[in-house]
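Here is a short briefing on one protein model. Keep the structure in view as you read.

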Amino acid sequence: MSEATYEHRTHAAETEESRHLRAQVRDFLHDRLEAGAFVAAPDNWMSGFDPEFSAELGRRGWLGMTVPHRYGGHGRSLLERFVVTEELLACGAPVAAHWIADRQMAPGILAHGTEEQKHRYLPGIAAGELFFAIGMSEPDAGSDLASVRTKAIARADGSWTISGTKVWTTGAHVAHAMVLLARTDGAPGDRHAGLSQLLVDLDHPDIEVRPLRSIDGGHHFNEVVFHDAHVGPDALLGHRGEGWAQVMSELAYERSGPERYLSTMPLLRAWARYLRDTGATAHQRTTLGTLTAQAWALRRMSLAVTTQLAAGRRPDVLAAMVKDLGSTFEGDVVEAIRACTDIEPRRTGGDDFARMLGAAVLHTPAFTLRGGTNEILRGIVARGMGLR
């Protein structure tokens with residue numbers, strides 16, 4: 001895509017309709033904050049589980065935005081969805097309950113699902129009432145998804161028996177279903193070949209969800225164990241053996257969204273208000289300006305990925321770059337603010353800003369891990385640019 005085309009498309013995204021939509025979302029969030037309905041927090045798209053808030057977004061038509069009307073969605077554009085997503089993240093709204101379902105499962109099911117799967121899952125996603133988890137990472141595998149050892153064995157009647165363990169599974173304890181990457185054919189040494197995706201309802205007697213506590217004591221992650229769990233033939237998503245290609249297309253949605261650089265935006269905005277109220281040194285003003293400029297550049301990159309996805313392309317390399325640079329930036333925001341202020345981060349006590357800073361500090365280690373470690377992402381970028 002040429003620079004001129006990119007400029008035209010990103011400028012065209014800010015239409016009168018999108019500006020009106022942005023104003024509606026801002027007014028809604030302002031009213032909710034004023035009413036004390038939620039507390040703005042960094043990384044709330046990962047840890048802020050609030051099913052009622054998600055359901056309210058569904059009632060307002062701000063979930064399932066790109067899902068066609070016939071599946072309970074609203075038939076709107078990816079760029080309109082970007083506007084809503086950006087405002088929710090920048091405000092630190094509690095959107096974790098529906099996030100995975102709306103971000104990548106809706107487009108994944110639209111692209112690869114059967115009509116039965118679309119009618120079964122998409123209306124609930126659009127309503128903010130059906131939540132998904134992602135079953136990818138495994139013990140001893142880390143970000144190397146191709147070394148998946150969880151098995152789904154086909155039975156004579158077309159159903160499946162699943163055995164294995166997934167770890168660091170966000171929200172599995174509150175999710176209704178999981179998209180599972182499993183080996184249906186071959187052996188782990190076959191790498192990308194023989195992997196398939198399955199849609200698995202988590203209310204199952206042979207699926208065990210075990211909590212994994214994070215450093216702040218929160219329960220966001222889980223270990224999910226499949227004890228020879230039997231699921232029906234309709235669990236297969238897409239084509240058998242093509243799970244790797246399907247996952248790669250979905251990861252563009254996961255890695256390039258504005259959550260990859262806006263997790264700590266509520267903290268940056270709070271710091272800007274703090275400096276306005278207390279006065280800022282020249283160094284603090286320079287730091288704030290630098291961080292704001294970096295956020296704006298990352299926003300432009302994320303918008304470029306959204307534009308390419310809307311055009312039906314697979315911007316895997318650019319998505320990996322957004323995630324790598326964005327997650328690094330999120331940590332840089334926290335460290336820069338800590339270095340520029342004499343406020344001690346607090347888990348409890350202190351004022352709102354000290355507690356927000358404390359929460360951000362404790363969440364920072366996860367930024368460069370989730371969605372693929374930065375080392376894995378840089379390998380993707382290097383291969384895409386012909387450097388490896």
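The buried residues of helix α4 pack against α2, α5, α6 and α7 (115-126). The model is a predicted one.

**Helix α4**
- Phe 53, Ser 54, Ala 55, Glu 56, Leu 57 and Gly 58 are buried in α4.
- After α4 comes Gly 61, with a positive phi near 80 degrees.

**Nonpolar cores**
- In soluble globular proteins, nonpolar side chains tend to be buried together.
- The largest nonpolar core here has 47 residues. Those with the most contacts inside it are Leu 29, Phe 53, Leu 57, Leu 88, Val 95, Leu 267 and Ile 337.
- Helix α5 (residues 78-91) gives the largest share of this core, seven residues.
- Where does this core lie? Domain 1 (16-130) and domain 3 (257-385) both give residues to it, so the core lies between them.
- Leu 88 touches Leu 29, Phe 53, Leu 57, Ala 93 and Val 95, leaving aside residues up to four places away in sequence.
- There is also a second, separate core of 27 residues. Among its members are Ala 101, Ile 134, Val 247 and Met 248.

**Aromatic pairs**
- The whole structure holds seven aromatic pairs.
- Phe 28 and Trp 62 form an edge-to-face pair, because their ring centres are 5.5 Å apart and their planes stand at 75 degrees.
- Phe 28 sits in helix α2 (residues 16-34), while Trp 62 sits in the loop between α4 (51-59) and α5, so the pair ties together parts that are 34 residues apart in sequence.
- Both Phe 28 and Trp 62 are buried.
- Trp 168 and Phe 221 also pair edge-to-face, at 5.8 Å centre to centre and 85 degrees between the planes.
- Trp 168 is in the loop between β3 (160-166) and β4 (177-183), and Phe 221 is in strand β7 (residues 219-231), so this pair ties together parts that are 53 residues apart in sequence.
- Is Trp 168 buried or exposed? Trp 168 is exposed, because its relative accessible area is 54%, over the 50% cut-off.
- Phe 221 is buried, with a relative accessible area of 14%.
- Ring pairs also join Phe 28, Phe 38, Phe 53 and Trp 62 into a cluster.

**Salt bridges**
- Side chains of opposite charge can pair when their charged atoms come close.
- The whole structure holds 22 salt bridges.
- Arg 59 forms a salt bridge with Glu 52, and their closest N and O atoms are 2.6 Å apart. Arg 59 counts as exposed, at 53% relative accessibility.
- Arg 103 forms a salt bridge with Glu 259, with the closest N and O atoms 2.7 Å apart.
- Arg 103 lies in helix α6 (residues 96-112) and Glu 259 in helix α9 (residues 259-262), so the pair ties together parts that are 156 residues apart in sequence.
- Arg 103 and Glu 259 are both buried.
- Arg 355 and Asp 352 meet in a salt bridge of 2.3 Å, N to O. Both lie in helix α13 (residues 352-367), three residues apart, about one turn of the helix.
- An α-helix has 3.6 residues a turn, so residues three or four places apart point the same way.
- Arg 355 is partly exposed at 31% relative accessibility. Asp 352 is exposed, with a relative accessible area of 58%.
- A network of salt bridges links Arg 22, Arg 26, Glu 86, Glu 87 and Arg 299.

**Helix α10**
- Helix α10 (residues 265-278) has 14 residues. From its first C-alpha to its last, α10 reaches 20 Å, close to the 20 Å expected at 1.5 Å a residue.
- Which residues of α10 are buried? They are Met 265, Pro 266, Leu 267, Leu 268, Ala 270, Trp 271 and Leu 275.

- Most residues other than glycine have a negative phi.
- Asp 43 has a positive phi, near 65 degrees. Asp 43 is in the loop between α2 and α3 (44-47).
- Asp 43 counts as buried, at 1% relative accessibility.
- Trp 168 is not a glycine either, yet its phi is positive, about 55 degrees.

Terms used
Residues are numbered from 1 along each chain as its sequence is written. This is a predicted model: local features need pLDDT of at least 70, side-chain atom pairs count only at pLDDT 80 or more; totals for chains, interfaces and linings use all residues. Side-chain values use heavy atoms; hydrogens and water are left out. A nonpolar core is a set of buried Ala, Val, Leu, Ile, Met, Phe, Trp, Tyr and Cys residues joined through side-chain atoms within 4.5 Å. Buried means under 20% relative accessible area, exposed over 50%, partly exposed in between (1.4 Å probe, protein chains only). Helices (H or I, at least four residues) and strands (E, at least two) are DSSP runs, numbered from the N terminus. Domain bounds come from an automatic or database domain assignment. Contact means heavy atoms within 4.5 Å. Rings of Phe, Tyr and Trp (its six-membered ring) pair if their centres lie within 6.5 Å; planes under 30 degrees apart count as stacked, over 60 as edge-to-face and the rest as tilted. The expected span of a helix is 1.5 Å times one less than its number of residues. A salt bridge is a side-chain nitrogen of Lys or Arg within 4 Å of a carboxyl oxygen of Asp or Glu.
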